[in-house]
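Trainee: I would like to learn how to read cavities, pockets and cores from a set of coordinates. Could we work through one case together, with the cut-offs stated as we go?

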Amino acid sequence: MTSNTLQKELEIAFPRLLDVARELAWNNISDNCKFILTEIKDSSENFHLLRQMRKKENDRKIPVTLIELMSTLHNLYDNLYDINLHIYRAKKYLTVIDIRYYPKSALDEVYRYKVLHNPPMLHCKVTQPPWLTDKMEKFDINWEHKQWLINWNLFWMGRKLKRKKRPI
């Protein structure tokens, strides 16, 4: 992937992401997409706390078209190490895709020099809820936006784990 082919590579990856999401989730997922951009930051915080902080930050962002976002991506291109595409929110008539990027500047200095001239990697990811026991079970793609559902399912998951640990 080069700076010139970045938009084309992304346009090829979006339908793949939507297809994976449709396989895993029961929601209606629209082909009409808008985008937000998020930097992946290193942190030693708890995964659930990081997810909540990222959600709050992303809720404030206004989704834009890919064309509007491309100038920013082209400016960042030389510093891009990894690009992850996630479905942030899916509605019947609009899907918001979060383009998350990890900058080369955040890498260890020795490794950064090794990958300095490498093109960025591109990945499509769908975040599954932590309480799913059967990974083939379909789920609500918007689960991260329903805090009550997260709390309820994590509570019951904890209860199930406690029952399994009890000696008979």
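Trainee: How much space lies in the second largest cavity?

Mentor: A cavity is, on a 1 Å grid over the protein atoms alone, a set of points where a 1.4 Å probe fits but cannot get out, and lining residues have an atom within 4 Å of a point. Grid points are joined across faces, edges and corners, and a volume is the space filled by probe spheres set on the points. Here the second largest cavity holds about 30 Å³ of space, and its lining is made of I87, K125, V126, T127, I141, W143 and E144. Before going on, note that this is a predicted model, in which local features need pLDDT of at least 70 and side-chain atom pairs count only at pLDDT 80 or more, while totals for chains, interfaces and linings use all residues. Residues are numbered from 1 along each chain as its sequence is written, and side-chain values use heavy atoms, with hydrogens and water left out.

Trainee: What is the volume of the largest cavity, and which residues line it?

Mentor: The largest cavity has a volume of about 50 Å³, and R51, R54, K55, N58, Y88, R100, E144 and H145 form its lining. Helices (H or I, at least four residues) and strands (E, at least two) are DSSP runs numbered from the N terminus, and in those terms α2 provides the largest share of this lining, four residues. For classes, Ala, Val, Leu, Ile, Met, Phe, Trp, Tyr, Cys and Pro count as nonpolar, Asp, Glu, Lys and Arg as charged, and the others, Gly among them, as polar. The lining of the largest cavity then has one nonpolar, two polar and five charged residues, whereas that of the second largest cavity has four nonpolar, one polar and two charged residues.

Trainee: How should I read the largest pocket, and which residues are closest to its centre?

Mentor: A pocket is an open set of points with protein on both sides within 12 Å along at least five of seven lines. About 400 Å³ of space lies in the largest pocket of this model; it is lined by 17 residues, of which E39, I40, K41, L50 and R54 are the closest to its centre. β1 (33-39), α2 (47-59) and β2 (80-90) are the elements that give two or more residues to that lining, with the largest share, six residues, coming from α2. By class, the pocket lining has four nonpolar, five polar and eight charged residues.

Trainee: Which residues touch the most other members of the largest nonpolar core?

Mentor: A nonpolar core is a set of buried Ala, Val, Leu, Ile, Met, Phe, Trp, Tyr and Cys residues joined through side-chain atoms within 4.5 Å; buried means under 20% relative accessible area, exposed over 50%, and partly exposed in between (1.4 Å probe, protein chains only). In the largest core, which has 30 residues, L10, L85 and I99 touch the most other members. At least two residues each come from α1 (6-24), β1, α3 (66-76), β2 and β3 (95-103), and α1 gives the most, with seven.
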